[in-house]
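Here is a short briefing on one protein chain. Look through the sequence and the 3D view, then read the points below.

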Amino acid sequence: MHALIVVAHPDPESLTHHVARKLAEGVALADEGHTAEIADLAAEGFDPRFSAGDHAAHRKQAPPDADVTREQQRIDRADALVLVYPVYWWSFPGLLKGWIDRVFANGWAYDERDGKLVKRLGHLPVHLVAIGGADPGTYDRHGYFDAMKTQIDHGIFGYCGARVVTSEFLLESDRPDRTVQLEAARDLGRGLFSAIAA
């Protein structure tokens with residue numbers, strides 16, 4: 001099976017990137033037939049700006065831009081989608097949100113037809129891995145876990161019919177010893193496809 005791991009962070013030496021690589025390592029360790037591709041949105045120069053062309057594609061007045069089609073094809077080749085991202089302002093970074101805005105488009109991720117919604121990604125299992133600097137008590141006290149679940153799990157993936165299989169928060173990322181987060185990431189990768197089957 002094949003996992004597409006999308007990472008959104010400008011620093012290739014960040015904890016976010018290390019977590020993505022450990023996830024990919026775990027996928028490969030789980031079964032020699034499993035593969036993982038890391039889509040580094042920053043390094044690849046993905047343009048997150050929702051343009052007039054994207055708006056025309058949304059209204060089905062024009063085909064999607066070539067960069068959007070490429071990303072959709074990457075997802076279509078995957079048996080699982082994994083998003084690895086730092087928490088910025090209690091959500092995705094703008095780069096990842098823009099990727100979702102442009103790629104999870106009307107006509108591909110969902111269809112709006114005659115006032116009815118057709119969810120087109122029911123086949124796609126999704127895993128979310130958020131990297132945060134705050135402690136779990138802060139997230140819990142302010143309702144951030146629930147807010148992010150509503151916004152991301154339900155508001156984005158639920159709308160398209162994709163099932164969020166796991167939603168993990170690797171918190172307190174400012175600690176100098178990252179061993180705990182990296183071991184957790186490798187374990188997530190190892191269990192990625194067994195979690196889908198469960």
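Helix α7 is followed by G161, whose phi is positive, near 90°. The model is predicted: local features need pLDDT of at least 70, side-chain atom pairs count only at pLDDT 80 or more, and totals for chains, interfaces and linings use all residues. Residues are numbered from 1 along each chain as its sequence is written, and side-chain values use heavy atoms, with hydrogens and water left out.

**Whole chain**

- The chain has nine helices and seven strands. Helices (H or I, at least four residues) and strands (E, at least two) are DSSP runs, numbered from the N terminus.
- The radius of gyration is 17 Å, close to the 16 Å that the globule rule gives for 198 residues, so the chain is as compact as a globular protein of that length. This radius is taken over C-alpha atoms, and the rule is 2.2 Å times the number of residues to the power 0.38.
- Of the 198 residues, 46% are buried. Buried means under 20% relative accessible area, exposed over 50%, and partly exposed in between (1.4 Å probe, protein chains only).

**Helix α7**

- This helix covers residues 144–160. At 1.5 Å a residue, its 17 residues should span 24 Å, and its end C-alpha atoms are 23 Å apart, which agrees. The expected span is 1.5 Å times one less than the number of residues.
- α7 bends by about 30° at H154. The bend is the angle between axes fitted to the seven residues ending there and the seven starting there.
- Buried residues in α7 include Y144, M148, I152 and F157.

- Seven of the seven residues of β6 (residues 125–131) are buried, so the strand is largely enclosed by the rest of the structure.
- In a regular strand the side chains alternate between the two faces of the sheet.
- Both faces of β6 are covered. P125, H127, V129 and I131 lie on one side, with V126, L128 and A130 on the other.
- Strand β3 (residues 80–86) pairs with β6 in the parallel sense over six bridges. Two strands pair if DSSP finds at least two bridges between them. V82 stands opposite H127.
- Strand β7 (residues 163–170) runs parallel to β6, joined by seven bridges. Here L128 has S167 as its bridge partner.

**Residue H55**

- H55 is found in helix α3 (residues 52–58).
- H55 is partly exposed, with a relative accessible area of 40%.
- H55 and V103 are 48 residues apart in sequence and 12 Å apart in space, C-alpha to C-alpha.
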